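Subject: Structure for you to look at

Hi,

Could you have it open while you read?

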Amino acid sequence: MTAGAERSVLQPYGLLIACCIAFASCARGDQAPDPAAGEALVTTMTGAEVLVATLPEQIGPALVALQPRSADDTRPPIAVTLIDQFGYTFDPPLSITRQGQPVRFRNSEDVDHHVRVAHAETHAVVVNTNLLMDESVEYIFVDPGPYTVRCDIHPAMMALILVVSHPYAAVANNDGEFRIENVPLGSYELTAWNVAGDPVVELDVEVGVDASGVGLALIAVE
């Protein structure tokens with residue numbers, strides 16, 4: 001394939017399904033323990049429409065999802081998510097996309113690269129291709145969950161994509177801090193993954209009103 005060419009392996013929109021991501025409500029034994037039931041992980045300081053939170057033990061960087069226990073909005077955004085290869089890295093290393101949203105993998109440097117994308121839990125490979133300079137490949141994710149991104153030519157290159165069926169997800173920084181806008185009050189399953197695709201936090205939580213009655217609180221529950 002010549003430079004500048006773009007290949008498409010888009011999945012049909014008709015295959016989109018609404019799926020819930022079910023996880024255990026406690027962290028793995030070799031990871032940070034859950035906070036006590038009823039403990040507020042954080043309260044907001046920016047108003048009632050923005051949830052600002054910190055993962056237990058300040059674990060980060062990570063991808064965070066608040067999976068609603070009720071029905072969620074599966075309509076995908078129109079914009080394409082871009083993951084670039086430059087400086088022997090994937091940029092950005094942590095990405096969030098919705099089911100049905102196109103993701104484009106591009107090589108922007110004069111070095112041959114490879115893209116292997118696999119579901120972190122099932123290990124099913126969905127993208128496996130070489131990319132020359134200025135080449136790209138596009139894919140639409142159907143199944144939710146974390147996906148690892150690797151370059152078989154340069155094993156140190158790695159990234160993680162989180163595919164969700166709802167808009168309640170965010171990238172946590174090095175201190176485990178994240179923010180999600182317009183989170184409705186209710187029950188959620190909070191899961192966070194590191195760049196290797198391993199779950200580092202798994203909690204049942206409630207999003208409620210904080211003690212001031214103005215902001216939101218993220219509270220761990222049994």
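H114 has N130 of β10 as its opposite number; the strand around it, β9 (residues 113–119), runs antiparallel to β10 and is joined to it by six bridges. Strands here are DSSP runs of E with at least two residues, while helices are runs of H or I with at least four, and both are numbered from the N terminus. Two strands count as paired if DSSP finds at least two bridges between them.

Before going further, please keep in mind that this is a predicted model: local features need pLDDT of at least 70, side-chain atom pairs count only at pLDDT 80 or more, and totals for chains, interfaces and linings use all residues. Residues are numbered from 1 along each chain as its sequence is written, and side-chain values use heavy atoms, with hydrogens and water left out.

β9 and β10 belong to an open sheet of five strands, ordered β7-β13-β12-β9-β10, with mixed pairing. At its edges are β7 (94–98) and β10 (125–131), each of which pairs on one side only. From one strand to the next, the twist averages 20° (axes are lines fitted to C-alpha atoms, for helices over the stretch in contact, and angles run from 0 to 180 degrees between N-to-C directions).

Q85 sits in strand β5 (residues 81–86). Is Q85 buried or exposed? It counts as buried, because its relative accessibility is 1%; buried means under 20% relative accessible area, exposed over 50%, and partly exposed in between, using a 1.4 Å probe and protein chains only. Not counting residues up to four places away in sequence, Q85 touches F90, R106, N107, S108, E109, H113, H114, V115, L131, C151 and M157, where contact means heavy atoms within 4.5 Å.

**The chain as a whole**

The protein chain has zero helices and 18 strands. Of its 222 residues, 48% count as buried. Among contacts with a separation of 6 or more, 66% are between residues 24 or more positions apart. The chain exposes about 10,400 Å², and carbon and sulfur atoms supply 54% of that (areas come from the Shrake-Rupley method with a 1.4 Å probe; for residues, only the protein chains shown count as cover).

**The nonpolar cores**

Which residues touch the most other members of the largest nonpolar core? They are L55, L66, F178, V183, L190, V207 and L218, out of 23 residues in that core. A nonpolar core is a set of buried Ala, Val, Leu, Ile, Met, Phe, Trp, Tyr and Cys residues joined through side-chain atoms within 4.5 Å. At least two residues each come from β3 (50–54), β4 (62–68), β14 (169–172), β15 (177–181), β16 (186–193), β17 and β18. β17 gives the most, with five residues. Another core, of 18 residues, lies apart from this one and includes F105, V137, Y139 and A159.

**Strands around L66**

L66 stands opposite L190 in β16, and β4 and β16 pair in the antiparallel sense over six bridges. Beyond its neighbours within four places in sequence, L66 has contacts that include L51, H166, Y168, I180, V205 and L218. The C-alpha atoms of Y168 and L66 are separated by 5.4 Å, although the two are 102 residues apart along the chain. Y168 is in the loop between β13 (158–164) and β14, and it counts as buried because its relative accessibility is 15%.

β16 itself is mostly covered, with six of its eight residues buried. Eight bridges join β16 to β17 in an antiparallel pair, with G186 opposite V207 in β17. Their hairpin has five residues between the strands, and G197 there takes a positive phi near 90°.

β17 (residues 199–209) then runs antiparallel to β18, joined by five bridges, and V205 has A220 as its bridge partner in β18. This hairpin has six residues between its strands, with G213 in the turn at a positive phi of about 80°. β18 (residues 216–220) is mostly covered too: four of its five residues are buried.
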